[in-house]
Amino acid sequence: MRVRFFGHYIYLPLAALMLAEAVVFFSAPYIASTIRLGPGFDDSGVITGPLWLRALAFTLVTLLCYASLGLYTPRQRAGFWGVALRIILSLLAALALLALMFFVIPDLELGRGIVGMTILIAAV
């Protein structure tokens, strides 16, 4: 089933998949920060600024990389290993784009350990 959105047809199962993955990607930095810094990481002063902004940046970059490698196409012809390879490549591309974004906008930086755990949590 598909719906028309801004003149384009969007398949509802793929939109639901994208929404579910967006929720996972948005919550991954929170989970990684809690694992790395402990439950009271807001009070520790290690992360300055709002974490939701960093989580939103991670979510948008990762969804962009997933879409650019064709993981949200309705005519997916790749098998299990092809999809797994695309997911790994898209997460590596997201990691590279995030490193570039952290270099350009230093206020969004999370730290190497948290970013590494965030990527691992997003891969699962």
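Guide: A residue counts as buried when its relative accessible area is under 20%, as exposed when over 50%, and as partly exposed in between, with a 1.4 Å probe and protein chains only. This is a predicted model, where local features need pLDDT of at least 70, side-chain atom pairs count only at pLDDT 80 or more, and totals for chains, interfaces and linings use all residues. Residues are numbered from 1 along each chain as its sequence is written, and side-chain values use heavy atoms, with hydrogens and water left out.

Visitor: What percentage of the protein's residues count as buried?

Guide: Of its 124 residues, 29% do.

Visitor: Which pattern does the protein follow along the sequence?

Guide: Helices (H or I, at least four residues) and strands (E, at least two) are DSSP runs, numbered from the N terminus. Here there are four helices and two strands, in the order β-β-α-α-α-α.

Visitor: How is the span of a helix such as α2 read?

Guide: The expected span is 1.5 Å times one less than the number of residues. Helix α2 covers residues 51–68, 18 residues in total, and reaches 26 Å from its first C-alpha to its last, close to the 26 Å expected. After α2 comes G70, with a positive phi near 80°.

Visitor: Which residues of α2 are buried?

Guide: An α-helix has 3.6 residues a turn, so residues three or four places apart point the same way. In α2 the buried residues include L51, R54, A55, F58, T62 and Y66. The cover over the buried residues of α2 includes α1 (12–37), α3 (80–104) and α4 (112–123), judged by contact, meaning heavy atoms within 4.5 Å.

Visitor: How many aromatic pairs are there?

Guide: Rings of Phe, Tyr and Trp (its six-membered ring) pair if their centres lie within 6.5 Å; planes under 30 degrees apart count as stacked, over 60 as edge-to-face and the rest as tilted. That rule gives five aromatic pairs. One of them joins F25 and Y66, edge-to-face, at 5.2 Å centre to centre and 80° between the planes. F25 sits in helix α1 and Y66 in helix α2, 41 residues apart, so this pair links distant parts of the chain.

Visitor: Why does Y66 count as buried?

Guide: Y66 is buried because its relative accessible area is 4%. F25 counts as buried too, because its relative accessibility is 2%.

Visitor: How is the pair of Y66 and Y72 arranged?

Guide: Y66 and Y72 are tilted, 6.2 Å centre to centre with 35° between the planes. Both residues are buried. F25, F58, Y66 and Y72 form one aromatic cluster.
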